[in-house]
Amino acid sequence: MSKVSGELLIKSIEQMLAFSSGEDIEISRKGEAVTLKGKKRKFTETVELQIGLKNYDPSKDKRFNGSYRLPTCPRPKMQLCLLGSEADIEQAKEIGMPFKSVADLKKLNRNKKLVKALAGEYDGFVASQSMIRQIPRLLGPGLSRAGKFPTLLSKGANLKELCEGVKCTIKFQMKKVLCLNTAVGTIDMSVEELRTNIMLATNFLVSLLKKQWQNVKGLYIKSTMGPSFQIYF
């Protein structure tokens, strides 16, 4: 059961969207009302869920790792690249998706700087079973270290549908710090779409925690260029 106030969440989403559309909003800081001048950006801002944890020791407690597919895509413009064989590349060409062949990857010659540049060029990667087996040999650990090891393209799978799934899926992974964040939408989405995505993402994260809500210190939402709004204290 969620402990996030539905009323507070909706109000926070409405203020966040108002600020991003250029409207002035009034928020409370240290007990005082403060007016913030909104500004509409020339790009579509991402809406992020930020989580602060407590009563958790990353060095002792079991680290969690989980993925969840949201109903409304939070990253529609996510740039994915296919690493594949000639047959896979044909699928990529049909949907206008960037791709790299085995020959392209061999040209990098396991050079750390070049592999790092490849990882930085895209938001994520997709690869067939046969290609995934070759990646450690062709590229070394660079993609894994960047947190971008490819999603598996199973034999006979539809590449376009797989990419849509990747764009809709969020991941929570406990590392060495007690702060987490993930994209849960964009400012183009409706209040209800954002509310649903945020609630589902929050409840999924809590299900991964050892003591569930007792491990949650605070929850915030914010747009890329906007202020943060606390939705759980």
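Predicted model: local features only at pLDDT ≥ 70, side-chain atom pairs only at ≥ 80, totals over all residues.
**Helix 8 and the sheet**

I started with helix 8 (residues 191-208), which lies across strand 3, strand 10, strand 11 and strand 12. I took contact to mean heavy atoms within 4.5 Å. Helix 8 runs at about 155° to strand 10. For such angles I used axes that are lines fitted to C-alpha atoms, for helices over the stretch in contact, and angles run from 0 to 180 degrees between N-to-C directions. My helices (H or I, at least four residues) and strands (E, at least two) are DSSP runs, numbered from the N terminus.

Residues are numbered from 1 along each chain as its sequence is written, and side-chain values use heavy atoms, with hydrogens and water left out.

Next I looked up helix 1 (residues 6-20). Helix 1 lies across strand 3, strand 11 (216-223) and strand 12, and runs at about 170° to strand 12.

In what order do the four strands of the open sheet come? I read 10-3-11-12, with antiparallel pairing. The edges are strand 10 (179-186) and strand 12 (228-232), each of which pairs on one side only. On average, neighbouring strands here are turned by 25° against each other, direction ignored. I counted strands as paired if DSSP finds at least two bridges between them.

Gly-52 has Cys-179 of strand 10 as its bridge partner.

**Strands 4 and 9**

Strand 4 (residues 65-69) and strand 9 run antiparallel, joined by five bridges. Opposite Ser-67 I found Lys-171 of strand 9.

**Two positive phi values**

Asn-55 sits in the loop between strand 3 and strand 4. Its phi is near 50°, positive in a residue other than glycine. Asn-55 counts as exposed because its relative accessibility is 54%.

Arg-110 is in the loop between helix 3 (102-106) and helix 4 (112-121). Arg-110 is not a glycine, yet has a positive phi of about 60°. At 46% relative accessibility, I logged Arg-110 as partly exposed.

Definitions and conventions. Buried < 20%, exposed > 50% of the residue type's maximum accessible area, 1.4 Å probe, protein only.
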